[in-house]
Amino acid sequence: MDDSIDVTHATTGITEIPSYRPDAKTRRYDRQLRLWASAGQRSLESARVLLVGCDATGCQALKNLVLPGISHFTILSPDLTTSQDVATNFFLHPDSVGSPIAEQSVKYLKELNPAVDGSARVEELSSLLISEPDFITSFTLIIASNIEPTLELQLADLLWDVSNSVGGPDIPLISIRNSGFIGRVEIQLREHSVIDTHPDTTHTLRLDSPFPSLEQHARSLDFTTMDSMEHSHIPWVVLLVRAASIWKESHGGKLPETSEEKAEFKEILKKDKVKGDEENYEEALAQAYRVWSKSEIPWEIKQLLEDDSVKNVSSSSKNLHILLHTLSQFTAIPPHLPPTSPSLPDMHSSTTSYVHLQNLYKKEYQSDLARFKSLLAEVLQKIGLEDGTIPDEEVEGFVKNVGGVGIIKGTPLRERKEGKGLIAQSIADYQYDEYDGSTTCFAMHLALLASERFYIAHKRWPGVKVKSDMSEDNREVEEILKGILGQKDPEEVDDIFVECIAEITRGGSGTLPTTAAFLGGIVAQEAIKLVTNQYTPLDNTVIVNLVKSESAKFKL
Amino acid sequence: MTAAVHNGIPNGVASSSKLASYLADESRFASIDKILDRRGPWTDERFEGGQGTKDFLRNQSKILVIGAGGLGCEILQNLALTGFNDIHVIDMDTIDISNLNRQFLFRESDVGKSKALVAAEFVMSRVPGVKVTPYHGKIQDHPLSFYEQFNIVVAGLDSISARRWINATLVQMAQEDEEQLKPLIDGGTEGFKGQARVILPTVTSCYECSIDMLTPPTAFPICTIANTPRLPEHCIEWASVLEWPKVHKDKKLDTDDPDHIEWLYQQASARAAQFKIEGVTWALTQGVVKNIIPAIASTNAIIAASCCNEALKIATACAPYLNNYMMYVGNDSVYTYTFEHEKRPECPVCGGESLTADAGKDWTLERFIESLTNRQDLQISKPSLSYSKGALFWPSPSDVYEATKPNLDKLLVDLLGDEEGIVVTDPALPVSVNLSINYV
């Protein structure tokens, strides 16, 4: 299947350009490499994922992680396969009935990708938590699918405590709960760095404060000696930098501020046109607002720079914190601007003008990068780390795209579910308007919490008995919810809660294959984002209501 | 229940008794039965529940899946597990190695085989009791009568023109006979994003109604490609659009042939070097000429699940179905947007009103045609225009082209005289469009 690179090249032999025709692995992963590139793929290929609870939802999530090529997965479940399991889970077969479900699902999931290693542990989580916590914490990421509420929190505690210790691994937990059409995904992590959010643009054109070589270039152009062809192919960036530079000379060094000045600026620009239909001038006029938009560090990044963990770095700080710390030193020095990005959008221009302009940006980026690296070396030395601790590739990626990073700080799952103050605050923050999907989803979250407490009390889920009347269970969950809401008898809970509880009870904690697939997709997307440190993950809870085909997320 | 049991494929004699007892065990559907036996707070009035509902789903309904690719594999899995026992699937493609990162019913040994056939086989062997009937071929090759046999159509396509075709076909069927109204559930994904929608032909907005929501394909002006390349993409376009036909004459460019891509890559690289442009790579060359859209299993899972969830709701009325559009965005946290897309009264497929086209009195026919090809709500590239007296301009066949070519330079107002209406057809248009001209 693997194409032979050399033969093709030798037989065509048109030029000396080497082929780089992709190998079988690159071709297999082509459609995903276009999203997270080889760096993301490397992270994925070193990820070890543990699934606790072997149900359809968990296996669907794993399927979406095995396919793109994680390193390893383990499924932990003591259960034997039932016919109900087979009927909802694609990664089982009627032949599986009676055999350990973890082993059976591992077998069928491994078929999806020969590069991925999988194994089963036929054991109780409760005993492993005591006997082998190190086994649990040996994974990169853990998915808990519909495990008992008490165990769910014990697992969350273990991971939170491990991540809490200085230098300990930060192991995210993704926990799933579903019943019929309703699903919930919660993420617990202490802290997560996003090294590339993949913003729409990464340009830092600096039109308001051009670097010297850019301004010099723009001013050096002599319009009088240009033919009309040349004139209509000057890039709009150059036109604007030049016009702004001339404007500043006659306005005490200031750029247009009032709307009259801005209009006047555009009029002056228009006067330079030699023909009516010069596209580059059309583009310049449309982009003129960039002249008076201030180049600065994006607001979100400024917030990060204020964080204590960035202000005070040590040898145990994460790379991103050290880079941000260095960035704040970088911007403390005039011209107090973030580094220049080497990227330039396409614009109407001749090839030579465009390439020349692009090279100016690239050179500026190189010089900013060098300045950044020397500041970084000082920072590293100060905190007792060797120069080169942070790989060059990572430093360059950061400097190219300083707006595209992020830090997410989490809360412990137990606090979210038990901390009365937190729930009370969240309840106070939301108004229950049944016409709004977001508030329905929040009511659903509370109804799920109440159902979990029902389970803790009865060791069974509400509505789990197929034929029986559900009203008794509903009634009891409503009472529990009243307690969560701090409502006193004899008040009735709002209709929206009655409805949410009724829908959850109706599902009886049963797994619909469609709900399982939907949640499995979400969980895998989030796992990929967490493992690759690319794209912004969920922070921290999402409720999916597939009766109404909607969802809402909450930071709890 | 036995009526619903079709030919499962037992793995051997030893397991066949296990299989038989599994298939006889109705309690295996316990999870799904909870929502089919019991009404929820938001359940439709028409929901009956119980045996009748389950019997329709499992024994009577017939569902068509269009596409056995990224979405199609997921859709087939979900429908089979949900209890649709008579599933049909159409796909014209064969399996490529680049499918394997998400099209999970296929293995390396399946590369080159028909997607529809392999997918159907796989689902039947994994979910015994389900019958999946594959068709390897184009949807356009089946007559209307073929589509009449289904209750629901679920489409997981990557092609806009195929979507436009099936949409127009189902709308036409419903227009001619109300009894032939088949819900169309359509899914699509790109990277971490996607959408699922429910189309009730003639009742809700149709695919064509929302054609203007599509991002127009990136088109580089020919003069940029030919004279002033700036981006690596410009060099690749130059190689594929200008150099390939020049050098290879009548030999058609096959973007699936790695040797062809190799040739383009070499040409584009050489041109990029000449212009000092950086960034031409093999992957980019392939991406540009094949218009590759990034695709991952997890997004397909979400969108296919949503489509099949709607199919279940429509088939059983156990919950209100989506009215009518859900967007999913996963690249920045998790975000969904559910809304009702409105019918477009002047939709060429399902709207009753004719479309208006503005034209200047000083416009030539050529300029007018250009304005049509720029319209977001038409998305056409090679239109043929006719009016009551015959052809105004047809790009083919060659004799009509030669006869109508001189019209391009004439003024539209002179050509039409008192005529106000023009009929437009285009390879991308599933129907002909009546345009009324409005001079401005």
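**Exercise 1.** Work out which domains chain A is divided into.

*Solution.* Chain A splits into domain 1 (26-197 + 514-554), domain 2 (212-292), domain 3 (299-409) and domain 4 (413-508). Those bounds come from an automatic or database domain assignment. Before going on, keep in mind that this is a predicted model, where local features need pLDDT of at least 70, side-chain atom pairs count only at pLDDT 80 or more, and totals for chains, interfaces and linings use all residues. Residues are numbered from 1 along each chain as its sequence is written, while chains are lettered from A and ligands numbered from 1 in the order in which they are written.

**Exercise 2.** Describe how domain 1 of chain A meets domain 3 of chain A.

*Solution.* Start with the C-alpha centres of domain 1 of chain A and domain 3 of chain A: they sit 34 Å apart. Next, count the contact, which takes 12 residues from domain 1 of chain A and 11 residues from domain 3 of chain A. Here, two residues are in contact if their C-beta atoms, placed from the backbone, lie within 7 Å. Last, sort the domain 1 side of chain A that touches domain 3 of chain A: 4 nonpolar, 5 polar and 3 charged. Ala, Val, Leu, Ile, Met, Phe, Trp, Tyr, Cys and Pro count as nonpolar, Asp, Glu, Lys and Arg as charged, and the others, Gly among them, as polar.

**Exercise 3.** Find which helix gives the most to the side of chain A that touches chain B.

*Solution.* First, 80 residues of chain A are in contact with 78 residues of chain B. On the chain A side, helix H25 (residues 513-532) gives the most, with 10 residues. Helices (H or I, at least four residues) are DSSP runs, numbered from the N terminus. Sorted by class, that side of chain A has 35 nonpolar, 29 polar and 16 charged residues.

Terms used. Helices (H or I, at least four residues) and strands (E, at least two) are DSSP runs, numbered from the N terminus.
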